[in-house]
Amino acid sequence: MFSDTIQLGLIKQLNRELESSLLYLSMASWVEKIGFEGICEFLYDHSNEERNHMFKLIRYINKRNGNFYISINNKSLETSYSSLKDLFQKLFQHEKDISEEINFLVELSSREKDYFTYNFLQWFIEEQIEEEALIKMILNKIELIGEDKSGLYIFNKDIKKYHKKN
Ligand code: OFO
């Protein structure tokens, strides 16, 4: 049974995925302006991935014959960061928050005995494990490189190999 509680939880999540997509977009744009085209491409690609996550949720709700809405409030996203490290720290925290929200939804679907949704959400669990690990790995590298300009130059080229294709 596709309860209102589950439907509302999924709607909140799809709006969070949209927010994630816009967050990655604003970060990519900031990075583009400071001249790291490799890191910027990574973030632009990831913005599209987040949009696909939103899409998955929308299509699932439709399959269950539910309804959804997109909620765009007037919240403005940060568009400037003090450093790449600052940006990736914020991104890592964001991904950890999203993971908690997905965990909550899994728990909710189990409580509501909605095993279709429980099963559907397993993909998101796997995805969050990967995303947290990926962003943490990038953050670690950036912390290691520090202010070393040649290190950042090489990393900006290397990041291409971390692009995920979903
Ligand atoms: Fe949708 O996975 Fe990141 O936020």
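Author: A salt bridge here is a side-chain nitrogen of Lys or Arg within 4 Å of a carboxyl oxygen of Asp or Glu. Keep in mind that this is a predicted model, where local features need pLDDT of at least 70, side-chain atom pairs count only at pLDDT 80 or more, and totals for chains, interfaces and linings use all residues. Residues are numbered from 1 along each chain as its sequence is written, and side-chain values use heavy atoms, with hydrogens and water left out.

Reader: What makes R64 and D114 a salt bridge?

Author: Their N to O distance is 3.3 Å, and the cut-off is within 4 Å, so the pair counts.

Reader: Why is E19 called partly exposed?

Author: Because E19 has 26% relative accessibility, it falls in the partly exposed class.

Reader: And which residue does E19 form a salt bridge with?

Author: With R16, the closest N and O atoms being 2.9 Å apart. R16 and E19 also belong to a network of salt bridges with E101.

Reader: What about R111 and E107, how do their side chains meet?

Author: In another salt bridge, at 3.3 Å from N to O. R111 counts as exposed because its relative accessibility is 53%, whereas E107, at 45%, counts as partly exposed.

Reader: How many salt bridges does a search of the whole structure find?

Author: The search finds six.

Key. Buried means under 20% relative accessible area, exposed over 50%, partly exposed in between (1.4 Å probe, protein chains only).
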